[in-house]
Amino acid sequence: MHTVLIIDDSDINLTLIKALVLKLGECTPVLFDNPLAALEWCRTSEPDLVIVDYMMPEMDGLRFISAFRALHGRDEIPVLMITANDQKDVRYDALLGGANDFLTKPIDRIEFSARARNMLSLRTGQKFLADRAEHLAVLVNERTREIRDREKELIFRMSRAAEFRDPETGAHIQRMAHYSQIIARGLDLGPAMEQLVLEAAPMHDVGKIGIPDYILLKPGKLTPEEFEVMKGHARIGHELLKDSGSEILRAGAEVAISHHEKYDGSGYPFGLKGNQIPQLGRIVAVADVFDALTSERPYKRAWSLDDACRFLEEGRGKHFDPLCIEAFLAGWENILEIRQRFRDEDVPLI
Amino acid sequence: MVGTFVLDRDSILERLGGDAEIYEMMVAMFLDDVDNNCSALSAAFAAGDAKVVQREAHTIKGLLATFSDEDGANAAMMIESAAKSGQLANLAAAIGDLQSRLHEVAAALGG
(Lines give C-alpha, C1' and ligand atoms only; values in the text may rest on other atoms or scores of the structure.)
Protein backbone atom coordinates (compact mmCIF):
# COMPACT_ATOMS: atom_id res chain seq x y z
CA MET A 1 0.00 0.00 0.00
CA HIS A 2 1.36 3.41 -1.02
CA THR A 3 0.66 6.58 0.90
CA VAL A 4 0.05 9.45 -1.52
CA LEU A 5 0.18 12.95 -0.08
CA ILE A 6 -1.92 15.46 -2.05
CA ILE A 7 -1.67 19.19 -1.41
CA ASP A 8 -3.89 21.64 -3.26
CA ASP A 9 -5.76 24.66 -1.92
CA SER A 10 -8.72 23.99 -4.20
CA ASP A 11 -11.25 21.44 -2.98
CA ILE A 12 -12.29 20.46 -6.47
CA ASN A 13 -8.71 19.59 -7.43
CA LEU A 14 -8.18 17.68 -4.20
CA THR A 15 -11.30 15.67 -4.89
CA LEU A 16 -10.33 14.99 -8.48
CA ILE A 17 -6.77 13.93 -7.63
CA LYS A 18 -7.99 11.79 -4.75
CA ALA A 19 -10.42 10.01 -7.09
CA LEU A 20 -7.64 9.45 -9.64
CA VAL A 21 -5.24 8.18 -6.97
CA LEU A 22 -7.86 5.71 -5.72
CA LYS A 23 -8.26 4.46 -9.29
CA LEU A 24 -4.54 3.62 -9.35
CA GLY A 25 -5.19 0.91 -6.76
CA GLU A 26 -3.05 0.03 -3.71
CA CYS A 27 -2.94 3.71 -2.72
CA THR A 28 -4.09 5.59 0.36
CA PRO A 29 -4.53 9.31 -0.36
CA VAL A 30 -3.83 11.83 2.40
CA LEU A 31 -5.28 15.26 1.62
CA PHE A 32 -4.26 18.75 2.72
CA ASP A 33 -5.60 22.09 1.45
CA ASN A 34 -2.85 23.87 3.39
CA PRO A 35 0.84 23.25 2.63
CA LEU A 36 1.98 24.24 6.14
CA ALA A 37 -0.30 21.63 7.71
CA ALA A 38 0.99 19.11 5.15
CA LEU A 39 4.60 19.87 6.13
CA GLU A 40 3.71 19.37 9.78
CA TRP A 41 2.25 15.96 8.89
CA CYS A 42 5.44 15.10 6.98
CA ARG A 43 7.54 15.58 10.10
CA THR A 44 6.12 12.38 11.56
CA SER A 45 4.80 10.54 8.50
CA GLU A 46 6.53 9.35 5.36
CA PRO A 47 4.56 9.51 2.10
CA ASP A 48 5.53 7.38 -0.90
CA LEU A 49 4.53 10.06 -3.37
CA VAL A 50 3.81 13.76 -3.02
CA ILE A 51 1.50 15.54 -5.44
CA VAL A 52 1.61 19.27 -4.85
CA ASP A 53 -0.06 22.21 -6.59
CA TYR A 54 2.14 25.12 -7.55
CA MET A 55 -0.08 28.07 -6.80
CA MET A 56 -1.27 28.14 -3.20
CA PRO A 57 -1.80 31.09 -0.87
CA GLU A 58 0.31 30.33 2.24
CA MET A 59 3.26 28.71 0.55
CA ASP A 60 3.74 27.93 -3.11
CA GLY A 61 4.66 24.50 -4.44
CA LEU A 62 8.33 25.41 -4.94
CA ARG A 63 8.76 26.51 -1.36
CA PHE A 64 6.87 23.46 -0.16
CA ILE A 65 9.19 21.15 -2.08
CA SER A 66 12.36 22.73 -0.69
CA ALA A 67 10.97 22.66 2.87
CA PHE A 68 9.90 19.04 2.36
CA ARG A 69 13.28 18.01 0.95
CA ALA A 70 14.99 19.62 3.93
CA LEU A 71 13.22 17.23 6.34
CA HIS A 72 15.33 14.27 7.40
CA GLY A 73 15.09 11.29 5.06
CA ARG A 74 12.74 13.01 2.62
CA ASP A 75 15.26 13.74 -0.13
CA GLU A 76 14.41 10.74 -2.31
CA ILE A 77 10.62 10.58 -2.06
CA PRO A 78 9.16 11.31 -5.51
CA VAL A 79 7.34 14.63 -5.92
CA LEU A 80 4.94 15.51 -8.72
CA MET A 81 4.12 19.18 -9.12
CA ILE A 82 0.92 20.40 -10.70
CA THR A 83 1.21 23.51 -12.85
CA ALA A 84 -0.90 25.24 -15.46
CA ASN A 85 0.44 24.53 -18.94
CA ASP A 86 1.39 28.22 -19.37
CA GLN A 87 3.85 28.12 -16.45
CA LYS A 88 6.97 26.96 -18.22
CA ASP A 89 9.36 29.09 -16.11
CA VAL A 90 7.83 27.61 -12.96
CA ARG A 91 8.48 24.12 -14.28
CA TYR A 92 12.15 24.87 -14.81
CA ASP A 93 12.45 26.25 -11.29
CA ALA A 94 10.68 23.23 -9.87
CA LEU A 95 12.93 20.78 -11.70
CA LEU A 96 15.97 22.50 -10.26
CA GLY A 97 14.25 22.73 -6.88
CA GLY A 98 13.63 19.01 -6.45
CA ALA A 99 10.40 18.06 -8.25
CA ASN A 100 10.67 14.73 -10.07
CA ASP A 101 7.96 15.33 -12.64
CA PHE A 102 4.93 17.48 -13.53
CA LEU A 103 1.26 17.28 -14.10
CA THR A 104 -0.43 19.98 -16.12
CA LYS A 105 -3.87 21.36 -15.49
CA PRO A 106 -6.45 20.45 -16.61
CA ILE A 107 -5.48 17.05 -15.30
CA ASP A 108 -5.69 14.25 -17.80
CA ARG A 109 -6.33 10.83 -16.29
CA ILE A 110 -4.12 8.89 -18.68
CA GLU A 111 -1.20 11.23 -18.21
CA PHE A 112 -1.83 11.35 -14.46
CA SER A 113 -1.90 7.57 -14.10
CA ALA A 114 1.24 7.04 -16.17
CA ARG A 115 3.28 9.65 -14.30
CA ALA A 116 1.99 8.67 -10.87
CA ARG A 117 2.71 4.97 -11.58
CA ASN A 118 6.25 5.80 -12.70
CA MET A 119 6.86 7.72 -9.51
CA LEU A 120 5.45 4.91 -7.38
CA SER A 121 7.57 2.27 -9.06
CA LEU A 122 10.60 4.47 -8.46
CA ARG A 123 9.56 4.54 -4.80
CA THR A 124 9.05 0.78 -4.72
CA GLY A 125 12.58 0.36 -6.09
CA GLN A 126 14.00 2.68 -3.45
CA LYS A 127 12.23 0.84 -0.65
CA PHE A 128 13.30 -2.53 -2.01
CA LEU A 129 16.95 -1.48 -2.06
CA ALA A 130 16.71 0.01 1.43
CA ASP A 131 15.00 -3.13 2.80
CA ARG A 132 17.57 -5.31 1.11
CA ALA A 133 20.46 -3.33 2.55
CA GLU A 134 18.92 -3.54 5.99
CA HIS A 135 18.20 -7.24 5.59
CA LEU A 136 21.79 -7.88 4.50
CA ALA A 137 23.17 -5.91 7.44
CA VAL A 138 21.08 -7.98 9.85
CA LEU A 139 22.17 -11.18 8.13
CA VAL A 140 25.86 -10.22 8.27
CA ASN A 141 25.56 -9.39 11.97
CA GLU A 142 23.86 -12.69 12.62
CA ARG A 143 26.47 -14.69 10.70
CA THR A 144 29.33 -12.80 12.33
CA ARG A 145 27.91 -13.57 15.75
CA GLU A 146 27.54 -17.23 14.83
CA ILE A 147 31.15 -17.37 13.70
CA ARG A 148 32.33 -15.64 16.86
CA ASP A 149 30.27 -17.99 19.01
CA ARG A 150 31.75 -20.96 17.21
CA GLU A 151 35.23 -19.49 17.63
CA LYS A 152 34.63 -19.19 21.38
CA GLU A 153 33.26 -22.70 21.56
CA LEU A 154 36.26 -24.13 19.72
CA ILE A 155 38.62 -22.27 22.02
CA PHE A 156 36.84 -23.63 25.07
CA ARG A 157 36.85 -27.18 23.71
CA MET A 158 40.52 -26.89 22.78
CA SER A 159 41.31 -25.63 26.26
CA ARG A 160 39.40 -28.56 27.73
CA ALA A 161 41.31 -30.99 25.54
CA ALA A 162 44.48 -29.87 27.32
CA GLU A 163 42.82 -30.00 30.73
CA PHE A 164 41.54 -33.54 30.13
CA ARG A 165 45.08 -34.81 30.34
CA ASP A 166 45.38 -33.06 33.67
CA PRO A 167 43.79 -33.44 37.06
CA GLU A 168 42.25 -30.00 36.52
CA THR A 169 38.66 -29.67 35.37
CA GLY A 170 36.42 -27.81 32.97
CA ALA A 171 34.97 -25.92 35.90
CA HIS A 172 38.51 -24.69 36.71
CA ILE A 173 38.72 -23.10 33.26
CA GLN A 174 35.37 -21.39 33.72
CA ARG A 175 36.20 -20.11 37.20
CA MET A 176 39.64 -18.77 36.41
CA ALA A 177 38.36 -17.09 33.23
CA HIS A 178 35.57 -15.36 35.14
CA TYR A 179 37.93 -14.42 37.99
CA SER A 180 40.21 -12.89 35.36
CA GLN A 181 37.28 -10.90 34.03
CA ILE A 182 36.54 -9.56 37.53
CA ILE A 183 40.16 -8.43 37.85
CA ALA A 184 39.98 -6.69 34.42
CA ARG A 185 36.84 -4.93 35.60
CA GLY A 186 38.56 -3.84 38.82
CA LEU A 187 41.42 -2.45 36.73
CA ASP A 188 38.84 -0.46 34.76
CA LEU A 189 39.98 -1.82 31.39
CA GLY A 190 36.60 -1.34 29.72
CA PRO A 191 33.96 -3.84 28.53
CA ALA A 192 35.80 -4.90 25.34
CA MET A 193 38.98 -5.77 27.24
CA GLU A 194 36.99 -7.54 29.98
CA GLN A 195 35.41 -9.69 27.29
CA LEU A 196 38.78 -10.42 25.68
CA VAL A 197 40.24 -11.45 29.05
CA LEU A 198 37.27 -13.73 29.69
CA GLU A 199 37.68 -15.40 26.30
CA ALA A 200 41.48 -15.66 26.24
CA ALA A 201 42.11 -16.84 29.82
CA PRO A 202 40.88 -20.42 29.24
CA MET A 203 43.82 -21.01 26.88
CA HIS A 204 46.50 -20.45 29.56
CA ASP A 205 47.43 -24.13 29.87
CA VAL A 206 46.68 -25.30 26.33
CA GLY A 207 50.41 -26.05 25.88
CA LYS A 208 50.10 -28.97 28.32
CA ILE A 209 48.92 -30.90 25.27
CA GLY A 210 52.62 -31.10 24.30
CA ILE A 211 53.88 -32.40 27.67
CA PRO A 212 54.56 -36.18 27.87
CA ASP A 213 52.18 -38.19 30.04
CA TYR A 214 54.89 -39.55 32.31
CA ILE A 215 55.55 -35.99 33.45
CA LEU A 216 52.10 -34.47 33.23
CA LEU A 217 50.42 -37.38 35.03
CA LYS A 218 53.25 -38.27 37.41
CA PRO A 219 51.77 -38.80 40.89
CA GLY A 220 54.81 -37.72 42.89
CA LYS A 221 57.08 -34.70 42.85
CA LEU A 222 58.80 -33.84 39.56
CA THR A 223 62.59 -34.01 39.32
CA PRO A 224 64.29 -30.70 38.38
CA GLU A 225 64.73 -32.04 34.81
CA GLU A 226 61.08 -33.07 34.60
CA PHE A 227 60.00 -29.68 35.94
CA GLU A 228 62.00 -27.99 33.17
CA VAL A 229 60.04 -30.02 30.60
CA MET A 230 56.80 -29.14 32.39
CA LYS A 231 57.62 -25.43 32.19
CA GLY A 232 57.72 -25.86 28.41
CA HIS A 233 53.90 -25.78 28.32
CA ALA A 234 54.01 -21.95 28.35
CA ARG A 235 56.06 -21.84 25.14
CA ILE A 236 54.13 -24.66 23.51
CA GLY A 237 50.85 -22.85 24.17
CA HIS A 238 52.29 -19.69 22.69
CA GLU A 239 53.59 -21.60 19.69
CA LEU A 240 50.13 -23.10 19.09
CA LEU A 241 48.27 -19.82 19.23
CA LYS A 242 50.63 -17.08 18.07
CA ASP A 243 50.25 -15.09 14.83
CA SER A 244 46.58 -15.95 14.54
CA GLY A 245 44.16 -13.78 12.57
CA SER A 246 41.87 -13.97 15.57
CA GLU A 247 42.30 -11.37 18.28
CA ILE A 248 41.17 -13.88 20.91
CA LEU A 249 43.74 -16.45 19.87
CA ARG A 250 46.53 -13.85 19.83
CA ALA A 251 45.48 -12.83 23.37
CA GLY A 252 45.47 -16.53 24.27
CA ALA A 253 49.06 -16.84 23.03
CA GLU A 254 50.05 -13.94 25.28
CA VAL A 255 48.28 -15.48 28.26
CA ALA A 256 49.97 -18.85 27.64
CA ILE A 257 53.51 -17.47 27.47
CA SER A 258 53.18 -15.09 30.42
CA HIS A 259 50.91 -16.63 33.06
CA HIS A 260 53.83 -18.21 34.97
CA GLU A 261 55.91 -15.05 35.08
CA LYS A 262 56.19 -13.52 38.56
CA TYR A 263 56.13 -9.84 39.43
CA ASP A 264 59.57 -9.93 41.08
CA GLY A 265 61.17 -11.61 38.04
CA SER A 266 61.42 -15.11 39.55
CA GLY A 267 58.93 -16.73 37.17
CA TYR A 268 59.27 -18.48 33.81
CA PRO A 269 59.91 -18.77 30.87
CA PHE A 270 61.66 -15.36 30.61
CA GLY A 271 61.90 -14.13 34.20
CA LEU A 272 60.15 -10.87 33.22
CA LYS A 273 59.63 -8.28 35.96
CA GLY A 274 56.72 -5.97 36.87
CA ASN A 275 55.15 -4.28 33.91
CA GLN A 276 57.45 -6.11 31.47
CA ILE A 277 55.01 -8.97 31.99
CA PRO A 278 52.00 -8.53 29.68
CA GLN A 279 48.99 -7.32 31.65
CA LEU A 280 46.95 -10.33 30.51
CA GLY A 281 49.56 -12.61 32.08
CA ARG A 282 49.58 -10.66 35.37
CA ILE A 283 45.79 -10.87 35.55
CA VAL A 284 45.55 -14.58 34.74
CA ALA A 285 48.35 -15.47 37.20
CA VAL A 286 46.23 -14.28 40.14
CA ALA A 287 43.04 -15.98 38.90
CA ASP A 288 44.79 -19.28 38.08
CA VAL A 289 46.69 -19.58 41.36
CA PHE A 290 43.68 -18.64 43.48
CA ASP A 291 41.54 -21.28 41.82
CA ALA A 292 44.26 -23.95 42.04
CA LEU A 293 44.64 -23.26 45.79
CA THR A 294 40.93 -23.36 46.56
CA SER A 295 40.19 -26.49 44.53
CA GLU A 296 40.54 -30.05 45.70
CA ARG A 297 42.98 -32.26 43.77
CA PRO A 298 43.74 -35.98 44.07
CA TYR A 299 47.05 -35.08 45.73
CA LYS A 300 45.82 -32.18 47.95
CA ARG A 301 42.84 -30.84 49.82
CA ALA A 302 41.29 -27.47 48.95
CA TRP A 303 42.72 -24.53 50.87
CA SER A 304 40.29 -22.42 52.89
CA LEU A 305 39.35 -19.09 51.31
CA ASP A 306 41.11 -17.23 54.14
CA ASP A 307 44.35 -19.15 53.58
CA ALA A 308 44.16 -18.58 49.82
CA CYS A 309 43.59 -14.84 50.33
CA ARG A 310 46.51 -14.69 52.74
CA PHE A 311 48.68 -16.38 50.12
CA LEU A 312 47.67 -13.75 47.54
CA GLU A 313 48.35 -10.93 50.03
CA GLU A 314 51.78 -12.33 50.86
CA GLY A 315 52.57 -12.63 47.16
CA ARG A 316 51.62 -9.00 46.48
CA GLY A 317 54.55 -7.38 44.66
CA LYS A 318 56.52 -10.68 44.73
CA HIS A 319 54.55 -13.31 42.83
CA PHE A 320 51.66 -11.00 41.87
CA ASP A 321 51.00 -7.54 40.47
CA PRO A 322 49.73 -5.52 43.48
CA LEU A 323 47.08 -3.79 41.33
CA CYS A 324 45.72 -7.14 40.18
CA ILE A 325 45.52 -8.35 43.80
CA GLU A 326 43.61 -5.21 44.76
CA ALA A 327 41.25 -5.57 41.83
CA PHE A 328 40.66 -9.23 42.75
CA LEU A 329 39.91 -8.50 46.40
CA ALA A 330 37.72 -5.51 45.46
CA GLY A 331 35.53 -7.92 43.47
CA TRP A 332 35.27 -10.47 46.30
CA GLU A 333 31.46 -10.72 46.23
CA ASN A 334 31.65 -11.60 42.53
CA ILE A 335 34.46 -14.08 43.12
CA LEU A 336 32.28 -15.96 45.62
CA GLU A 337 29.35 -15.94 43.23
CA ILE A 338 31.52 -17.39 40.41
CA ARG A 339 32.79 -20.13 42.78
CA GLN A 340 29.16 -21.06 43.45
CA ARG A 341 28.20 -20.94 39.79
CA PHE A 342 30.94 -23.22 38.43
CA ARG A 343 31.38 -26.25 40.71
CA ASP A 344 33.63 -29.16 39.84
CA GLU A 345 30.81 -31.69 39.85
CA ASP A 346 28.66 -30.05 37.20
CA VAL A 347 30.69 -28.79 34.31
CA PRO A 348 28.84 -26.77 31.74
CA LEU A 349 30.59 -27.41 28.46
CA ILE A 350 30.05 -23.96 27.02
CA MET B 1 -14.51 37.95 -27.96
CA VAL B 2 -15.61 34.86 -26.09
CA GLY B 3 -17.80 32.47 -27.98
CA THR B 4 -20.83 30.73 -26.52
CA PHE B 5 -19.93 27.85 -24.22
CA VAL B 6 -20.69 24.49 -25.77
CA LEU B 7 -20.56 21.60 -23.35
CA ASP B 8 -18.31 18.92 -24.81
CA ARG B 9 -19.03 16.10 -22.38
CA ASP B 10 -17.07 13.58 -24.41
CA SER B 11 -13.80 15.47 -24.36
CA ILE B 12 -14.12 16.11 -20.62
CA LEU B 13 -14.92 12.46 -19.98
CA GLU B 14 -12.02 11.35 -22.13
CA ARG B 15 -9.66 13.39 -19.98
CA LEU B 16 -11.16 11.77 -16.88
CA GLY B 17 -10.44 8.38 -18.37
CA GLY B 18 -14.11 7.83 -19.28
CA ASP B 19 -15.07 7.77 -15.62
CA ALA B 20 -18.62 9.13 -15.36
CA GLU B 21 -18.54 8.95 -11.60
CA ILE B 22 -15.62 11.36 -11.37
CA TYR B 23 -17.28 13.57 -13.97
CA GLU B 24 -20.50 13.82 -11.93
CA MET B 25 -18.49 14.60 -8.81
CA MET B 26 -16.55 17.37 -10.55
CA VAL B 27 -19.75 18.91 -11.92
CA ALA B 28 -21.39 18.85 -8.48
CA MET B 29 -18.38 20.51 -6.89
CA PHE B 30 -18.18 23.14 -9.61
CA LEU B 31 -21.84 24.01 -9.13
CA ASP B 32 -21.37 24.19 -5.36
CA ASP B 33 -18.38 26.49 -5.62
CA VAL B 34 -19.25 28.76 -8.54
CA ASP B 35 -20.87 31.50 -6.44
CA ASN B 36 -17.94 31.53 -4.02
CA ASN B 37 -15.48 31.79 -6.90
CA CYS B 38 -17.34 34.79 -8.32
CA SER B 39 -17.64 36.62 -5.02
CA ALA B 40 -14.01 35.95 -4.02
CA LEU B 41 -12.88 37.45 -7.33
CA SER B 42 -15.00 40.60 -6.97
CA ALA B 43 -14.04 41.04 -3.32
CA ALA B 44 -10.33 40.90 -4.15
CA PHE B 45 -10.81 43.29 -7.05
CA ALA B 46 -12.82 45.73 -4.91
CA ALA B 47 -10.10 45.61 -2.24
CA GLY B 48 -7.44 46.30 -4.89
CA ASP B 49 -5.54 43.17 -3.85
CA ALA B 50 -3.71 42.21 -7.06
CA LYS B 51 -2.17 39.12 -5.52
CA VAL B 52 -5.49 37.61 -4.52
CA VAL B 53 -7.07 38.58 -7.87
CA GLN B 54 -4.21 36.72 -9.57
CA ARG B 55 -4.77 33.63 -7.46
CA GLU B 56 -8.56 33.59 -7.83
CA ALA B 57 -8.26 34.05 -11.60
CA HIS B 58 -5.74 31.19 -11.64
CA THR B 59 -8.20 28.93 -9.80
CA ILE B 60 -11.01 29.84 -12.19
CA LYS B 61 -8.70 29.22 -15.15
CA GLY B 62 -8.13 25.69 -13.86
CA LEU B 63 -11.83 25.07 -13.28
CA LEU B 64 -12.85 26.18 -16.75
CA ALA B 65 -10.05 24.19 -18.35
CA THR B 66 -11.28 21.13 -16.49
CA PHE B 67 -14.60 21.53 -18.31
CA SER B 68 -12.84 22.02 -21.65
CA ASP B 69 -13.74 25.70 -21.86
CA GLU B 70 -10.68 27.01 -23.65
CA ASP B 71 -12.10 30.46 -24.32
CA GLY B 72 -13.14 30.92 -20.70
CA ALA B 73 -9.75 29.66 -19.46
CA ASN B 74 -7.97 32.13 -21.76
CA ALA B 75 -10.09 35.00 -20.43
CA ALA B 76 -9.17 33.98 -16.87
CA MET B 77 -5.50 33.75 -17.84
CA MET B 78 -5.62 37.27 -19.24
CA ILE B 79 -6.88 38.56 -15.86
CA GLU B 80 -4.32 36.44 -14.02
CA SER B 81 -1.42 37.90 -16.04
CA ALA B 82 -2.64 41.48 -15.71
CA ALA B 83 -3.00 41.06 -11.94
CA LYS B 84 0.41 39.48 -11.75
CA SER B 85 1.94 42.61 -13.18
CA GLY B 86 -0.17 44.66 -10.73
CA GLN B 87 -2.46 46.19 -13.38
CA LEU B 88 -5.97 46.05 -11.93
CA ALA B 89 -7.14 49.39 -13.38
CA ASN B 90 -8.82 48.17 -16.57
CA LEU B 91 -10.03 44.78 -15.38
CA ALA B 92 -13.56 45.67 -14.24
CA ALA B 93 -15.24 44.66 -17.51
CA ALA B 94 -13.11 41.52 -17.95
CA ILE B 95 -13.95 40.40 -14.42
CA GLY B 96 -17.65 40.95 -15.01
CA ASP B 97 -17.41 38.94 -18.25
CA LEU B 98 -15.58 36.11 -16.50
CA GLN B 99 -18.25 35.91 -13.79
CA SER B 100 -20.96 35.71 -16.48
CA ARG B 101 -18.95 33.00 -18.16
CA LEU B 102 -18.79 30.98 -14.95
CA HIS B 103 -22.58 31.17 -14.63
CA GLU B 104 -23.01 30.28 -18.29
CA VAL B 105 -20.88 27.18 -17.82
CA ALA B 106 -22.72 26.32 -14.63
CA ALA B 107 -26.05 26.57 -16.45
CA ALA B 108 -24.78 24.33 -19.25
CA LEU B 109 -23.57 21.80 -16.70
CA GLY B 110 -27.05 21.67 -15.24
CA GLY B 111 -27.00 24.17 -12.38
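View 1. A polar atom of the A:His178 side chain lies 2.8 Å from the backbone oxygen of A:Gln174. Leaving out residues up to four places away in sequence, A:His178 touches A:Leu198, A:Ile338, A:Arg341 and A:Phe342 (contact means heavy atoms within 4.5 Å).

**A note on reading these views.** Residues are numbered from 1 along each chain as its sequence is written, and chains are lettered from A and ligands numbered from 1 in the order in which they are written. In this predicted model, local features need pLDDT of at least 70, side-chain atom pairs count only at pLDDT 80 or more, and totals for chains, interfaces and linings use all residues, while side-chain values use heavy atoms, with hydrogens and water left out.

**View 2. Here is the confidence along chain A.** The mean pLDDT of chain A is 90, and 97% of its residues reach 70 or more (pLDDT is the predictor's confidence in each residue, from 0 to 100).

**View 3. Two cis peptide bonds can be found in loops of chain A.** Most peptide bonds are trans. One cis bond joins A:Lys105 and A:Pro106, with omega about 0°, and A:Pro106 lies in the loop between β5 (101-105) and α5 (109-164). Another joins A:Tyr268 and A:Pro269, with omega about 5°; look for A:Pro269 in the loop between α11 (247-258) and α12 (279-294).

**View 4. A:Asp188 and A:Asp243 have positive phi values.** Most residues other than glycine have a negative phi. For A:Asp188, phi is near 65°; this residue is in the loop between α6 and α7 (191-200) of chain A and is exposed, at 70% relative accessibility. For A:Asp243, phi is about 60°; its loop runs between α10 (233-241) and α11 of chain A, and at 69% relative accessibility A:Asp243 is exposed too.

**View 5. Cysteines without disulfides are shown here.** The count is zero disulfides over all chains (a disulfide is a pair of cysteine sulfur atoms within 2.5 Å). For A:Cys42, the nearest cysteine sulfur, that of A:Cys27, is 16 Å away. A:Cys42 is buried, with a relative accessible area of 0%. For A:Cys309, the nearest cysteine sulfur belongs to A:Cys324, 15 Å away; A:Cys309 is buried at 15% relative accessibility.

**View 6. Chain B meets chain A.** The contact takes 20 residues from each of chain B and chain A. About 1800 Å² is buried between them, with carbon and sulfur atoms giving 69% (buried area is the accessible area, 1.4 Å probe, that two parts lose on being put together, summed over both). In chain B, B:Arg15, B:Arg55 and B:His58 lose the most area to chain A, together 29% of what that side buries. The interface holds two salt bridges (a side-chain nitrogen of Lys or Arg within 4 Å of a carboxyl oxygen of Asp or Glu). A:Arg109 forms a salt bridge with B:Asp19, their closest N and O atoms being 3.7 Å apart.

How values were computed. Buried < 20%, exposed > 50% of the residue type's maximum accessible area, 1.4 Å probe, protein only. Polar contact = N/O pair within 3.5 Å; in protein donor to acceptor, adjacent residues only side chain to side chain. Helix = DSSP H or I, 4+ residues; strand = E, 2+ residues; numbered from the N terminus.
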